[in-house]
Amino acid sequence: MRNPLSEKIVTIPPSGIRKFFDIASEMKDAVSLGVGEPDFDTPWHIREEGIYSLEKGRTFYTANAGLRDLRVEIHNYLKRRCGLDYDPDKETLVTVGGSEAIDIAMRAMLDPGDEVLVPQPSFVSYVPCTILAGGVAVPIALEEKDQFRLTPEKLLEKITPRTKILVMPFPNNPTGAIMTRPELEQIAEIVKEHDLFVLSDEIYSELTYGGADHVSIASLPGMKERTVLINGFSKAFAMTGWRLGYACAPEIILKQMLKIHQFAIMCAPTTSQFAAIDAMKNSDGDVDRMRESYDQRRRYLLHAFEEMGLECFEPLGAFYAFPSIRRFGMTSDEFAVRLLKEEKVAVVPGTAFGDSGEGYLRISYAYSLKSLKEALGRMERFVRKLDNR
C-alpha cells in the first residue's frame with residue numbers, strides 16, 4: 001500500500017502548547033496555567049446578539065468576505081483605535097479566527113523558496129504555516145536583554161535576497177513583549193529599504209499595560225501598502241469559541257486571500273459575525289475592565305516570581321509571563337515535566353515557541369487570582385525543593 005501521507009505534513013511537529021494541557025486535563029487536582037484563553041465569559045450583550053440572530057433565523061451563508069456591516073464596524077474600530085483606514089469592501093476579510101488569516105496570507109503571498117523571517121519566541125503557527133505555503137521559515141532569536149523586542153541589528157542579520165515577509169508578533173505570545181513607536185519606525189525603514197512585506201499579528205493589541213499604548217506598524221508612513229494586519233475577537237473580547245478573526249490588507253493581497261478563503265472555508269460562522277458587530281460597537285468598557293483585571297494578575301504574578309527568586313522580564317502586553325529557569329540547570333521541558341508530575345501544575349516550556357525559548361517557561365495569567373495563588377504556591381514549593389537539593 002502506498003504511503004497515504006504528505007511528507008511535508010509528517011515532518012511538522014504537533015503544537016507544544018497542547019501537550020501539557022492535555023496531560024493536566026486527565027490529572028486529578030491539577031492546575032493549568034498553560035492555555036492562552038480568557039477565563040471571562042463573553043460579555044452578555046455580545047452573547048445576546050448572537051442568540052437574537054439565531055432567533056431571527058439568520059443561519060445562512062454570508063458573503064465570502066463576511067457581513068458587510070461587520071466589515072464596516074472593523075473599519076470604524078481600527079480607525080478609532082489605531083488611526084487606520086481600511087476599505088470595508090476591498091481591504092477587509094472576516095476569517096475563522098486569526099489563525100486562518102495567518103494561513104491564507106502566507107499561501108497568498110509565498111512562492112516555493114521565499115523566506116519568511118519569524119522573530120522567536122513566538123506563536124506556534126507562523127513556522128508551520130510558512131512551510132505549508134512552500135516558504136522557508138528563518139527564525140530571528142530574540143533576547144531578554146533586548147526585552148524580547150526585535151532590533152534593527154537582528155533583522156538586518158537575517159535578510160537575504162529571498163526574504164519576502166517579516167512576521168511582527170507584537171504584543172507577543174509567549175513573552176508579553178511589545179514594540180514602541182520609535183522601535184517600529186526603525187523596523188519600518190528597513191522593511192521599505194529591502195522591499196519586504198509584513199504580517200503583523202495584533203491579536204493582543206488591546207491588552208497592553210503600564211501606560212504603553214499599542215501602535216500598529218501599518219499606521220506608519222509607507223507601511224499600510226506593505227502590511228497584512230491580523231486581528232480577531234478571541235483574546236480582547238473573550239470570544240475564543242466563536243472562532244472569528246479578520247485580516248486587513250492592500251486589495252492586491254486581500255483579493256487572493258479571499259480566493260483561498262472561498263474554496264477552503266466559504267465564510268466565517270454567521271452567528272459569530274452578528275455577535276461581533278455588537279462587540280465592535282459596544283465593548284470598549286468590557287475590554288477595559290478585563291484589561292484591568294489582567295493587569296492586577298500580571299502584577300501579582302511578577303511579585304510572586306520575585307518572592308520565589310525567579311527572574312522575569314516585565315511583560316507589557318498580552319496575558320503571559322516568561323520567567324527564566326536557567327539557574328536550575330534543567331531544560332524547559334524537564335522543568336515543566338517535573339513541575340507537572342510533582343506539584344500538578346501545568347505550564348508550557350519556552351521551547352514550544354522556538355529554540356530561543358530554551359531556559360524559559362510560558363505562564364498564562366488569563367486565570368482567576370484563586371487559580372494563580374494555588375498554582376504559584378505549588379510552584380514556590382517546587383522551587384524551594386530544587387534550591388535545597
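## D284 and its partner R80

D284 is partly exposed in this predicted model, with a relative accessible area of 23%. Its side chain meets that of R80 in a salt bridge, 2.5 Å from N to O.

For the overall tally, the structure holds 28 salt bridges.

## Salt bridges within a helix

Other pairs stay inside one helix. D103 and R107 form a salt bridge whose closest N and O atoms are 2.9 Å apart. Both belong to helix α5 (residues 97-109), and because they are four residues apart there, about one helical turn separates them. D103 is buried, with a relative accessible area of 17%, whereas R107 counts as partly exposed at 37%.

Back in helix α11, R289 pairs with D286. Here the closest N and O atoms are 3.0 Å apart. The spacing is three residues, so this pair is also separated by about one helical turn. What about burial? R289 is exposed, at 53% relative accessible area, while D286 is buried at 14%.

Q120 and P121 are joined by a cis peptide bond, with omega at about 5°. P121 falls in the loop that runs between β3 (115-120) and α6 (126-132). A cis bond also links F170 to P171, this one with an omega of about -5°. The loop holding P171 lies between β5 (163-168) and α8 (181-193).

Q147 has a positive phi, near 60°, despite being a residue other than glycine. You'll find Q147 in the loop between β4 (136-141) and α7 (152-158). It is partly exposed, with a relative accessible area of 39%.

K344 is not a glycine either, yet its phi is positive at about 60°. This lysine lies in the loop between α12 (332-343) and β10 (345-346). K344 is partly exposed, at 29% relative accessible area.

Technical notes
Residues numbered from 1 in each chain as written. Predicted model: local features only at pLDDT ≥ 70, side-chain atom pairs only at ≥ 80, totals over all residues. Heavy atoms only, no water. Helix = DSSP H or I, 4+ residues; strand = E, 2+ residues; numbered from the N terminus. Buried < 20%, exposed > 50% of the residue type's maximum accessible area, 1.4 Å probe, protein only. Salt bridge = Lys/Arg side-chain N within 4 Å of Asp/Glu carboxyl O.
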